[in-house]
Amino acid sequence: MLKNYLITSLRHIRKSKVNFAFKLGGLSLALFSFLAISIYVSYQWSFDRFHEDYENVYRVTSERKDNEAIEKYAITPLSIGPLLHQLPEIQSTARIRYANATYLLYKNKVIDCEMLIETDSSLFDVLTFQFIKGDKNALKNPNGMVLTRTLAQTIFGTTDVLQKVISINGQELHEVTAVIEDSQPNSHLFVSAMVPIRVQDELNLNSIVDPVAFSDQSATLYVRFNRPIDDSLSSKVEKLLDQHVKKSIRAEHGFSVAFQPLAD
C-alpha cells in the first residue's frame, strides 16, 4: 500500500511540477519561520536566567514625584541597600553605579572604558560571574579592580594580570585583583571593569525630593533573598524607611520602592 501511495505521489508531482514547487516552498518557509521564531523566543526567555538561583534575585526599583507626575526609576538612593540588608529575608545586597567618561592608563597605553562600574564587594554573592583569575574576594580590597577577559587582553595581551596596577583617569591607582569572563549576550548588565563603590549616603528627604541629589546619590540595587518573598515584606520595608523619612512625607512626594524579579 505504501508503495502504491509513493507511485501515485510521484506521478502527481511529474504532472504538476509548478504546483508542487510552490507547496514545497511554502512548507519550507513555514518551517524556517517556526524555527527562527522559536530560537528568538528561547533567547529572549533566557535573559539573566544563567545567574545562580535567579528566582530569588530582584532589582529594587523606585517611584518619585517629578513635576507632579509619578516617574519610575531603575535606581534607588544609595542608603536603601544597607537598610534592606537588615531584613532577615535578604541574604545579600549589591549596588552598582556606572562611571562616566572613564579611561584607563597603564604605562603609556590609554584605553577608553565605557562600562566601568563602582559596586559593592557583595556583587559576587548576588549575581553570578565566571572567574578566570582571582575569586569573590576581589573587591574587598579598597583599591582592587576586576577586569573582563577582553579588557585584560586589550591592556596586557593576557589574562595573567593579577597585581598589575592601573590608573583611572590618570588619578586613582587600582590593583587588578581578578579577571572574569565577558558579560553574556543574554544579560541586561554589561561590564568591562569593576572597582569598589566608595560613595556613601544616608536616606533623607533631600535624597528623595531633589532631582539632582536623587540622581547623583543613587545606584542600581540588586538583592538576593533567602527564600521566595511574601506579602509581609512590604510592611517590613515601610518600617525601615519610616526610621529616616516618615510614610506621610514619602507619600506626599510619591516615593516608594518595589522589587522586580531579575528574570523580568
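Q: Does Glu181 count as buried, partly exposed or exposed, and at what relative accessibility?

A: The model is a predicted one, and the class of a residue follows from its relative accessible area, with buried meaning under 20%, exposed over 50%, and partly exposed in between. Glu181 has a relative accessibility of 33%, and therefore counts as partly exposed.

Q: Where in the chain is Glu181 found, and which residues is Glu181 in contact with once its neighbours within four places in sequence are left aside?

A: Glu181 is found in the loop between strand S11 (172-180) and strand S12 (193-196). With those sequence neighbours left aside, its contacts are Gln130, Ile132, Thr148 and Arg149.

Q: How is the spread of the whole protein chain to be read, and what does its radius of gyration say?

A: The protein chain has 9 helices and 14 strands. Its radius of gyration is 26 Å, whereas the globule rule gives 18 Å for 264 residues, so the chain is more spread out than a compact globule. The C-alpha trace spans about 85 × 55 × 35 Å along its principal axes, and 38% of the 264 residues count as buried.

Q: What part of the contacts in the protein chain with a separation of 6 or more comes from residues 24 or more positions apart?

A: Residues 24 or more positions apart account for 73% of those contacts in the protein chain.

Q: How is the surface of the protein chain made up, and how many positive and negative side chains does the chain have?

A: The accessible surface comes to about 15400 Å², and carbon and sulfur atoms make up 54% of that area. The protein chain has 28 positive and 30 negative side chains, and the centres of these two sets lie 14 Å apart.

Q: Which strands does S1 pair with, and in what sense?

A: Pairing is read from the bridges between strands, of which at least two are needed. Strand S1 (residues 57-66) pairs with strand S13 (residues 218-225) in the antiparallel sense over 4 bridges, and within this pair Val57 stands opposite Arg224. S1 also runs antiparallel to strand S14 (residues 256-261), to which 6 bridges join it, with Ser62 opposite Val257. Strand S2 (residues 69-73) is joined to S1 by 5 bridges, again in an antiparallel arrangement, and here Lys65 stands opposite Ile70.

Q: Where is Asp48 placed, and what is its phi?

A: Asp48 is in the loop between helix H2 (17-45) and S1. Its phi is positive, at about 65 degrees, although Asp48 is not a glycine. At 3% relative accessibility, Asp48 counts as buried.

Q: How many residues lie between S5 and S6 in the hairpin that they form?

A: The S5 and S6 hairpin has 2 residues between its strands, and Lys107 in the turn has a positive phi of about 55 degrees. Strand S5 (residues 103-106) and strand S6 (residues 109-112) run antiparallel and are joined by 4 bridges, with Leu104 opposite Ile111.

Q: Is Arg250 buried or exposed, and which helix is Arg250 found in?

A: Arg250 is found in helix H9 (residues 247-252), and its relative accessibility of 2% means that Arg250 counts as buried. Apart from neighbours within four places in sequence, Arg250 is in contact with Glu238, Leu241, Asp242, Val245 and Phe255.

Conventions: Residues are numbered from 1 along each chain as its sequence is written. This is a predicted model: local features need pLDDT of at least 70, side-chain atom pairs count only at pLDDT 80 or more; totals for chains, interfaces and linings use all residues. Side-chain values use heavy atoms; hydrogens and water are left out. Buried means under 20% relative accessible area, exposed over 50%, partly exposed in between (1.4 Å probe, protein chains only). Contact means heavy atoms within 4.5 Å. The radius of gyration is taken over C-alpha atoms; the globule rule is 2.2 Å times the number of residues to the power 0.38. Accessible areas come from the Shrake-Rupley method with a 1.4 Å probe; for residues, only the protein chains shown count as cover. Lys and Arg count as positive and Asp and Glu as negative; His and the chain ends are not counted. The place of a charge is taken as NZ of Lys, CZ of Arg, CG of Asp or CD of Glu.
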